[in-house]
Amino acid sequence: MHPNLSFEQAPPISVPYRFFLTAPWFGVTAGLLLAWLGPDALESRWSPGALALSHLLTVGFMLQVMCGALLQFIPVATGGNVWRPRWVASLVHPIVAIAALCLAFGFALSQPLLIQIAVPLFAAGLGGFIAVVSFSLLRTPAHGMTIHVLRLALFGLAVTLILGIALASALGWQADGQASWSLVLISNVHAAWGLGAWALMLVIGVSYLVVPMFQLTPSYPAWLTRTVPFGILVAIGLWSLQLGVDGELVQSWLSVVALGGMLLAGLYAGTTLWLQALRRRRLTDITFVFWRGAMLALLGFVASWIALEVFPVLGEHPRAAIWLGMLALPGVFVSVISGMLYKIVPFLNWLHLQRLGGLKVLPPNIKQMLAEKPMRRQMRLHFASLVLLLGAVLWPPLTSLAGLSFAVSFLWLEWNLVGAVRRYIDFRSRALSDQVIDQTHADASSRVS
Amino acid sequence: MAGQRVIDGRDLLPPEPLELTLAALDTLESGEELLLLLHCEPHPLYAILKNNGYRYTSEQREDGTNAIRISKA
């Protein structure tokens, strides 16, 4: 080992792990809630069940992992220093987790009080997180498109938060429906910023680094790394003008702007699949397959959106938006995040065991941190759940089975991650006790001599 | 200069290049240079080098390869 080396750049391992180990429980809750509510939950995107499920996945599962990953990713991948990461994590993690539960169950149980509690918690917890991470991203000495795109993503998160607070305030304090704005319109813009300008933007920015690095593909073409994120942001920005501008003229170009954004997202997904096909070593590990599934789901989302625009009879069906939601949330984001967790957690175990230094026994190989077989089985269950969820949109009697399958898939993800963390703790305990024994022997020897 | 050792990490999966580099640092002699070839900027390695008395230069080649030259400070 490397006894004299310092690994100060990475934050303590507890910083990302508290987020990673909490996140799957939101997915378990979402699956169980869907199984319990049954077909009614998927009747329309405005049903209490659908609102609860979408937010359990977005501000529950996705936001937990993305917050934890950013606190880890910025120092390790960009060299930026996050201000007091342990302190930030210990505040942001519980506040955002409680806020997500309050919001989701406020929707599910139609309880405005819970939504009222969620609003200040999100404003403080997520607002503080955005401020701290933005500051470190602005000060990082590194350059490159990943940094620029991460900054755009943080801006997207800030806009999503502001719109979300406006919506939740309207719902929480004006439950009689006397809101002064069109809640449907704001909800659409909120969803576009949350899914497009924050979540997809973060995936895009991170992918420029991790897809070539972990999947040994060629780099993304330089023109694409600029065009796609800025184009998507411009499209969402123009599309959001409908909040302030009224009239037929606006309506006529809204679809064109949205189509432009969708085609850019499709171009990104197609390019990622093409780069994967050109990888330099024919490795097909779990992360690779999760990414491939996510990109296919993104292409499916874009194709579905175009089809729903072309055939308004389909587009106006209340379940059309649920179909898109299934492709986006479990299809794109849960897939890509699961794949990244299976890559990040073994790597962090390895990196932090290296930090111990002076070990007599080598830490386990990175492949031994998390066995391939349970990861692969969990991945199969995840994709089977996705098929069941899409099937449930078309054939409602499948809903409860799809919900149960989805819950078990997340439970398995949690089990696999806990197994990896236990391996880290076991080895660390053994290594540290060996060091203590060695030190005791050395002290005893020096006293004798 | 005592010589140069080369680690081509471009076709290796992380953390293999970092593992090989850390192992090489353990035996790097004064005046000897370690050349590490990667497709990315290894920020964790930079922090380790700065904190442990190594100097390095990083240069990006036209094909996108980062060439990192490491020696004892």
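**View 1. Packing of helix 1 and helix 3 in chain A of the predicted model**. Helix 1 (residues 14–37) of chain A and helix 3 of chain A have axes that come within 9 Å and cross at roughly 10°; the two helices are therefore roughly parallel to each other, a label given to angles under 35 degrees. The contact (heavy atoms within 4.5 Å) involves, among others, A:Phe19, A:Phe26 and A:Leu33 of helix 1 and A:Val92, A:Leu101 and A:Phe105 of helix 3. By class, the contact has twelve nonpolar, five polar and two charged residues; Ala, Val, Leu, Ile, Met, Phe, Trp, Tyr, Cys and Pro count as nonpolar, Asp, Glu, Lys and Arg as charged, and the others, Gly among them, as polar. Axes are lines fitted to C-alpha atoms, for helices over the stretch in contact, with angles from 0 to 180 degrees between N-to-C directions. Helices (H or I, at least four residues) and strands (E, at least two) are DSSP runs numbered from the N terminus.

**View 2. Helix 13 of chain A**. The end C-alpha atoms of this helix (residues 372–394) are 34 Å apart, which agrees with the 33 Å that its 23 residues should span at 1.5 Å a residue; the expected span is 1.5 Å times one less than the number of residues. Its buried residues include A:Met375, A:Met379, A:His382, A:Leu386 and A:Leu390, where buried means under 20% relative accessible area (1.4 Å probe, protein chains only).

View 3. At 1% relative accessibility, A:Leu216 counts as buried.

**View 4. A hairpin and a cis peptide bond in chain B**. Strand 3 (residues 54–60) and strand 4 (residues 66–72) of chain B run antiparallel and are joined by seven bridges; strands pair if DSSP finds at least two bridges between them. B:Glu59 has B:Ala67 of strand 4 as its bridge partner. Five residues separate the strands of this hairpin, and B:Gly64 in the turn has a positive phi of about 90°. Elsewhere in chain B, a cis peptide bond with omega of about 5° joins B:Pro14 and B:Pro15, and B:Pro15 lies in the loop between strand 1 (3–8) and helix 1 (16–27).

**Conventions.** Residues are numbered from 1 along each chain as its sequence is written, and chains are lettered from A in the order in which they are written. In this predicted model, local features need pLDDT of at least 70 and side-chain atom pairs count only at pLDDT 80 or more, while totals for chains, interfaces and linings use all residues; side-chain values use heavy atoms, with hydrogens and water left out.

Technical notes
Buried < 20%, exposed > 50% of the residue type's maximum accessible area, 1.4 Å probe, protein only. Parallel < 35°, antiparallel > 145°, perpendicular 65-115°, else oblique.
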